[in-house]
Amino acid sequence: MEISQESATLPDSVKKLRACKICRLVKSASQFQGQGCDNCKIGKQTFEFKKFTTPKFSGMISLMDPTFSFAARYNKLNLIPGVYAIEVEGVQEEEIYQE
Amino acid sequence: MATRNRTKKEDLEDGFSLPDDYDEVDNDELFGDGGSDFEEEKSAPKSNKRLKKTKKSRIKNKRRKVKEANVNQFFDEFADEDDDEEEDDVGGEINEEERQKIYERYDQNKFGQRSKNMYAEMSEDDLEDYAKNLESKYNRDVELDPEEDDEARNIYPTRADPTLWLVKCKQGCEREACVCLMNKYLHLKKQGKPLSIISATISDKVQSHLYIEAYKEVHVREAIRGLNLIFQRDCIRIKNEETASVFEIDKASKITLKKGQWVKLNSGLHSGDYAKVVGVDDSKDGCYLKLIPRIKTETGPDPRIVKNRKKIGMPERAPLKFFNKEEFSDVVEKYNGMFNKQMLYWNRNYYRKGFLYKYFNIKNIETDNVIPPRAILEKFLRPGENHDEVDHSDEDPEEEMEKWKKLASENILLTKGDKIKVISGELQNLTGKVIAIEKKVVTMKPDIEDIPDNLDLDISMISKHFEEGDHVYVVEGEYEGEKGMITKVKGGRCIIFSDVKQREFIAFLNNCKLSSQVAQLTSSNIEHGYNVFDLIVTTKRMAGIVLAIEKESLKILTQNGNVQNIDVNDVSNKVIQKNNVSTLDHDGNFVSVGDPVRVVEGPNKNLKAIIRNIHQNSIFLYNKEFLETFGYFVENNKNIAMRGEESGKRNMTAPNNKRRDPLIGKIVTICKGEYKGFEARVVDTIERTVKLELFFKSKIIQLRKSDIIEKDKIQEDKRPVKMEPRHVVPKTPAYQPNSPGYSYNNSGKESPNGGL
């Protein structure tokens, strides 16, 4: 059974990467523009990538198997496999998950 | 039980938490001497017995405190379990039931539920609002669920978790390598042969390295095989305690750029210039700055003239000057989308109201605590008459000035020991000394004895304080780098009389600093690199010793004995005096640097001095009586005479210092010290000391020349002493001694005809 085993789209380039402010998924700017965010099911049309994503992020985790990963647990990334940022500009992670 | 590729140890751990000191017990057990600590064996958990099995293959090293992690490498268990090829395949091996259970567990977890479903279920509008208010929510007092917090932070990976492996990759390609691994994982998974690694992390702190999470090193090796971005050689295991630090971001390294902030450029044409941030783009690489342009004009300085000696080859750059539309022919008015304004476009740059608006990369900007000097601030606020715009720059000048003042007052450079004065509040006008400074609070000891304790004050309430007669050094502002004495203090400023330039100027008290020595400090700010008491030669072939230094000028004592101020540009070069430079003195003896001499002619007759520098025929001497020039004075070499005899044994052959001392190789007797009475051979002489090789012991010692006596001389002493040297025999004129065998020069010990 492949429950949520599809992964998020991976970034297609190394330049102009952006991270979603809410779920910290990393993709290239054009990908966010075209597809929105895989985790946060905001309507693609209304997903203003400039508002919800930021290029200011530090560290990157390629999450292949979130269920067993200590990295995922430590960084609170219990999401579908994909590339995530460790820390995103400004917003503290605790805040996001408390809401 | 899952049949996953786990070690035997991990089997033990289902529902079994090991005590914290498990490591210590374990290692002592494995590596200690057999037979000791029986108690420990008994008290250790059951699992210890299993591990003991493999003890025979272990290296017995009692002292090595190998942590559990490293010990794993030696466990045969790993090797045993590894036979099966299929075990690489984590995904396929895991029992489906087990997996389902895990997923359910995560779904039920408050955590996972929140992150996954919450956002999907919020309506689009709600989500937008939420995202918009993220910044304000940041400030709210959010109650953290303590359980969740503890769970996530401050924990280490347990034995059940995979370990982190450090792998080296190509510098600058960390992100690419990370995504590459992800791609490989997904690709192979589609084919049905997924990689066994769990995740790959890159940290901004650690460059050119990747952290791969896996249970076994072989998984890591398999994963990185074939990727040319990752170096196949090293695969270092990270200890459990250190894994958490991999994910930590250095908060201090975040550079914030705000609109209206002052910054300083540190490279390029505008290096050292102050600029204001006018636009921060979303991308983190840089920002738009507003600065005063430097444009090369036709009538500008010739770039070929080298101004600063240190930067030879670099042409002098154009001065700061506001952009004037009239001066250039191809200026175009263009609309700039970034600023939503009409701007002047010339030579690929945008200008407005005289200022240059340009995008700069954050690497070239210094953002910390940058406060422009007052002069620059004024230039920014009142751009000057020559530009065509009538109205002032976009900011309100009054407001800007206030902001700047506040910034400046908060950033006074204070150090321990500075004198300060309270300028506001109840304790106004109280003076004191700085004891400690911590962020924005200053601890000061008041001058008045009635107040026994030290006071803590906010930095905005104090300002530096100096008294008339204090010698200070200006650290900032228009007169930066100058030293002088305070002649009057009024308000926040003071009048300083400069030592070197012999002029008065006004400076802010907060820009001054007590200088402990009068004009003798060598400032690190000064670029030219000349130090006090250096011997320099000017472009006019005149030599002199530097007495005082300033940014642009030097006070020197010339070879003619005059004290002069010269510009730094006039200095041709510094002379590095070699030790063996010598010259003839009045009597025809050689004197060199460091020799004590006496002046025999001229106005300074009979003064004793030491030679400090020699330049051609001028000798720079030192005698502490010459206060104005710090002891230095100049004499012609004919006016001085050597004082050699007074100071004891000297090497008379001054020009040939390096020639072998005739003592070398001679056998001498030591007459002073612990080796008195022993003989030795002279191996080397260094000025007034000699290195001796003792005969009775294979040892080389160093003694003064006065402590040894040449063997021949001793011989002479033992014999009856005659004052006159033997060869001068008083003889009656015309008397020819005729006794046979009487020879003049023999020492008496020889028989008359012997020794032929």
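Predicted model: local features only at pLDDT ≥ 70, side-chain atom pairs only at ≥ 80, totals over all residues.
View 1. Chain B averages a pLDDT of 70, and 62% of its residues score at least 70. Residues 386-393 of chain B also fall below 50, with 16 contacts beyond near neighbours in sequence.

**View 2. Helix 13 of chain B, residues 174-191.** Helices here are DSSP runs of H or I with at least four residues, strands are E runs of at least two, and both are numbered from the N terminus. Helix 13 of chain B has 18 residues and reaches 26 Å from first C-alpha to last, close to the 26 Å expected at 1.5 Å a residue (that is, 1.5 Å times one less than the number of residues). Its buried residues include C178(B), L181(B) and Y185(B); buried means under 20% relative accessible area, with a 1.4 Å probe and protein chains only. Just after the helix, G192(B) takes a positive phi of about 95°.

**View 3. Helix 16 of chain B, residues 374-381.** Take a look at I376(B), L377(B), F380(B) and L381(B), which are buried. They sit on the same side of helix 16 of chain B, because they cover an arc of only 135° around the axis, going by the directions from the helix axis to the C-beta atoms.

**Reading the views.** Residues are numbered from 1 along each chain as its sequence is written, and chains are lettered from A in the order in which they are written. Local features need pLDDT of at least 70, and side-chain values use heavy atoms, leaving out hydrogens and water.

Technical notes:
Buried < 20%, exposed > 50% of the residue type's maximum accessible area, 1.4 Å probe, protein only. pLDDT = per-residue confidence, 0-100. Contact = heavy atoms within 4.5 Å.
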